[in-house]
Amino acid sequence: MARITAGLATSHVPAIGAALDLGKTQDDYWKPVFAGYDWAKAWVKDEKPDVVILVYNDHASAFSLELIPTFAIGCAESFSPADEGFGPRPVPVVEGHPDLAWHIAQSTILDEFDMTIVNKMDVDHGLTVPLSLVFGQVDKWPVKVIPIAVNVVQYPPPTGNRCWKLGEAIARAVESFPEDLNVQIWGTGGMSHQLQGPRAGLINREFDTAFLDKLTADPEALRAMKHIEYLRESGSEGIELVMWLIMAGALGRGAQELHRFYHVPASNTAVGHIVLRPSQT
Amino acid sequence: MSEPEDLLDIPGTTVFTAAQSRRGFHLNQFCMSLMKAESREAFKADERAYLDRWPMTDEQKQAVLDRDYNRMLGLGGNIYFLAKIFATDGKSFQYAASLMTGMSQEDYVAMMIAGGRSPDGLRSIREGN
Ligand SMILES: [Fe+2]
């Protein structure tokens, strides 16, 4: 039987990918950012997940305004890194897990979540930067990846509560998959940041710290948090944090914190990272 | 179509609402076209002629020519789409952010290293907090 053994969340700042790709990881500016992932790098080698369900958002790469799915699941054999205007990142093609992805799609749709099924999709920094942070520079990603793309660009994004419930439905789907697989679920994006307008550069360390705390101490409070609070407190792009609640919902209540890291800044953004273990395992 | 009032109450922030999305559809689709290298070349060769291929308003076209990102946001541009313009110019997100805040890039970067912009006083126009 497949099982979700851990959850991981991390920011997915594009400049981190650029710093890595351009060999700047030892620069004074970037060194502390990458050092913050040493723990997860060692941990994941022991955990040896077979599949990562990777929750992220597309940033006008695969989806324009022509089509805006609220929740989309990548069911393809593979996903190519997107050309975001500078050419694609020099990272391996992302291998999917179509069997499990289709199973999750079927299971969650029958569980009343209207997922969009995607059979061809390029993946941008939102998906590849987390892989780079945790697995480093490799010739081949050591896991299969099931992308779950969430709309957080066009208002309104899904509510935090809806995200949590989708996470629960994903967990039910994984548990009913017959093959013995070690599955992790990652939530990405955030933490506080604003990329637009005169308020750009907003960072809210207090909000971010409380958010990290509540993932284990009071997830109910996060489920109830309204969009407007994210927008006011964590910046217009801080709304990406709703995606972390899909990860949290999949782990359920009683998750334990194994590790966290917080650093300001990476370009315009507060970098947050947490690793969680669900209570059953 | 009514907009949730709260979304218009955040200082220095344009939430990408339905109204903004409708206003900016062609502007954003123009930006999206810059994902292709040949489109970037065509735009760079003659910006005005390239913009005239899109059913955008004159105001939107002028804002693009002026690289006035705050103006583009007001006219329905979304920052992830507008990013294709400054990427075409070979500029970073940090450059664009500093431009929109009216700060020099140097001052902006220094502010970020010092912990970023505090939300205090910037949460609500109404409440002034
Ligand atoms: Fe993002």
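Helices, here DSSP runs of H or I with at least four residues, are numbered from the N terminus. In those terms A:S236 is placed in the loop between α9 and α10 (244–251) of chain A. The model is a predicted one, and what follows should be read with that in mind.

**The surroundings of A:S236**

Because buried means under 20% relative accessible area, A:S236 counts as buried at 8% relative accessibility. Leaving aside residues up to four places away in sequence, A:S236 touches A:H193, A:Q194, A:L195, A:Q196, A:R199 and A:L231, together with B:T13 from chain B. With one of these residues, A:Q196, the contact is also polar, side chain to side chain, at 3.2 Å.

**Salt bridges**

Over all chains, the rule gives a count of 23 salt bridges.

| Pair | Distance, N to O |
|---|---|
| A:E47 and A:R277 | 2.9 Å |
| B:R123 and A:E233 | 2.8 Å |
| A:R260 and A:E257 | 2.9 Å |

The salt bridge of B:R123 with A:E233 joins two chains, because B:R123 lies in the segment after α9 (105–113) of chain B, whereas A:E233 lies in helix α9 (residues 227–234) of chain A. Both ends of this pair are buried, with B:R123 at 17% relative accessibility and A:E233 at 19%.

In the salt bridge of A:R260 with A:E257, the arginine A:R260 is partly exposed, with a relative accessible area of 28%, and A:E257 also counts as partly exposed, at 33% relative accessibility. Elsewhere, salt bridges that share partners bring A:R232, B:D6, B:D9, B:R126 and B:E127 together in one network.

**The two domains of chain B**

How is chain B divided by the domain assignment? The assignment gives domain 1 (5–89) and domain 2 (91–120), and the centres of these two domains of chain B, taken over C-alpha atoms, are separated by 21 Å. Ten residues of domain 1 of chain B are in contact with six residues of domain 2 of chain B.

The area buried between domain 1 and domain 2 of chain B is about 680 Å², and carbon and sulfur atoms give 76% of it. On the domain 1 side, B:Y69, B:N70 and B:F86 lose the most area to domain 2 of chain B, together accounting for 60% of what that side buries.

Between these two domains of chain B the count of salt bridges is zero, while the rule finds three residue pairs in polar contact across their interface, both residues at pLDDT 80 or more. Helices α6 (69–74) and α7 (79–88) of chain B each supply at least two residues to the side of domain 1 that touches domain 2, and α7(B) gives the most, with five residues. By residue class, that side of domain 1 of chain B divides into seven nonpolar, one polar and two charged residues.

Methods:
Residues numbered from 1 in each chain as written. Chains lettered and ligands numbered in written order. Predicted model: local features only at pLDDT ≥ 70, side-chain atom pairs only at ≥ 80, totals over all residues. Heavy atoms only, no water. Domains from an automatic or database assignment. Contact = heavy atoms within 4.5 Å. Buried area = accessible area lost by both parts, 1.4 Å probe. Salt bridge = Lys/Arg side-chain N within 4 Å of Asp/Glu carboxyl O. Polar contact = N/O pair within 3.5 Å; in protein donor to acceptor, adjacent residues only side chain to side chain. Nonpolar A, V, L, I, M, F, W, Y, C, P; charged D, E, K, R; others polar. Buried < 20%, exposed > 50% of the residue type's maximum accessible area, 1.4 Å probe, protein only.
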